[in-house]
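Colleague: Hi! Could you walk me through this one before I set anything up?
Modeller: Happy to, here it comes.

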Amino acid sequence: MTVDPLAEVVTLLQPTIRFSKLVEYAGRWKIYRAGTGDSFYCAVLDGRCRMTVDGQAPMLLQAGDFVLVPAMHAIISESLDAPPVETTTEPVEIAEGCFRVGSVDAPADLTMRIGHCRFASPDADLLVRLLPRVILARGEPRLATLMQLVGEETFARRPAREVVLERLLELVLIEAVRSGDATMSAPGLVQGLADRRLAAALRALHARPERPWTVADLADEAALSRSAFFARFSRIVGLPPMEYLLAWRMALAKRLLGDRELGVDQVAERVGYSSASTFSVAFSRHTGLSPARYGRARKAV
């Protein structure tokens, strides 16, 4: 069975939209947004601006560019001739879903669609760590189309709106990750999948999480020695192989327990434990709750 680890991670994140809005900018301006931890995205529809994320080198953005920050850090957005100090933090709504920064009478120099989404997964912090910190995609028509659909669906108020938005956001995240440049390179799943040797091991692990994997088994999948594989995986993915496997198994277990269709013994088998008691000990150590208590808590949500 072919498994795409990136698609699994994005699906497991369970993205839900907070808001999406069209923003026009005019004149000289500079906006600071504090880090919230939510996912932030923006698509430049017309014009140019600068954006600085978490104190890193500024990015010059222009029409056709798309920026994704899976866990929002402090962001400074500014016009190319920006003033030295912040000018505003609250765009003014000029029509439903459309906002203006700067004079409402002057022609717009820049138009962007920006938005935030949250990840409903109880393991969102872990899963976000597997993605690049900032992604910049330039001139990708598919992303432009997806952003237009997100905007339309946000304000259409049609049946099944939340489900459609969740699927669209999953597509936006996947398309951005696979077509963009990680402007702030950091260890994670994407870097691991870009490494041909590690990708083979990651795909095998995700395809059969129930298998009693060892570092030696995964090293064989990667066609590397055990020591070389361990060092390479830890450096590029950001977690040692067995720690990654445990974290992934626990994320899957939480989803299965939340689905409420399987007993603890069945969940244990699906995530690679020989008995429900062994699984319960590992799960309790990882989450602070027994599988049964966790399942009951999820049912109450």
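**Confidence and local features**

Modeller: This is a predicted model. The protein chain has an average pLDDT of 88, and 96% of the residues score at least 70.

Colleague: Nice. Where in the protein chain is confidence lowest, and where is it highest?
Modeller: The lowest is strand 12, residues 181-182, with a mean of 65. The highest is helix 7, residues 215-222, at 97.

Colleague: OK, backbone next. Which residues have a positive phi without being glycine?
Modeller: Gln14 is one of them, with a phi of about 55°. Ala160 is another example, with phi near 60°. For context, most residues other than glycine have a negative phi.

Colleague: Where do Gln14 and Ala160 lie?
Modeller: Gln14 lies in the loop between helix 1 (5-13) and strand 1 (15-25). Ala160 is in the loop between helix 3 (141-156) and helix 4 (161-179).

Colleague: And how exposed is Gln14?
Modeller: Gln14 is partly exposed, as its relative accessible area is 25%.

Colleague: Switching to the surface: which residues form a nonpolar patch there?
Modeller: Val92, Ile94 and Val104 do, and together they have about 250 Å² of accessible area.

Colleague: Which strand does Ile94 lie in?
Modeller: Ile94 belongs to strand 8, residues 92-95.

Notes:
Residues are numbered from 1 along each chain as its sequence is written. This is a predicted model: local features need pLDDT of at least 70, side-chain atom pairs count only at pLDDT 80 or more; totals for chains, interfaces and linings use all residues. Side-chain values use heavy atoms; hydrogens and water are left out. Helices (H or I, at least four residues) and strands (E, at least two) are DSSP runs, numbered from the N terminus. Buried means under 20% relative accessible area, exposed over 50%, partly exposed in between (1.4 Å probe, protein chains only). Patches are made of residues with over 30% relative accessible area and no salt bridge: like charges are joined within 9 Å, nonpolar side chains (Val, Leu, Ile, Met, Phe, Trp, Tyr) within 5 Å. Accessible areas come from the Shrake-Rupley method with a 1.4 Å probe; for residues, only the protein chains shown count as cover. A salt bridge is a side-chain nitrogen of Lys or Arg within 4 Å of a carboxyl oxygen of Asp or Glu. pLDDT is the predictor's confidence in each residue, from 0 to 100.
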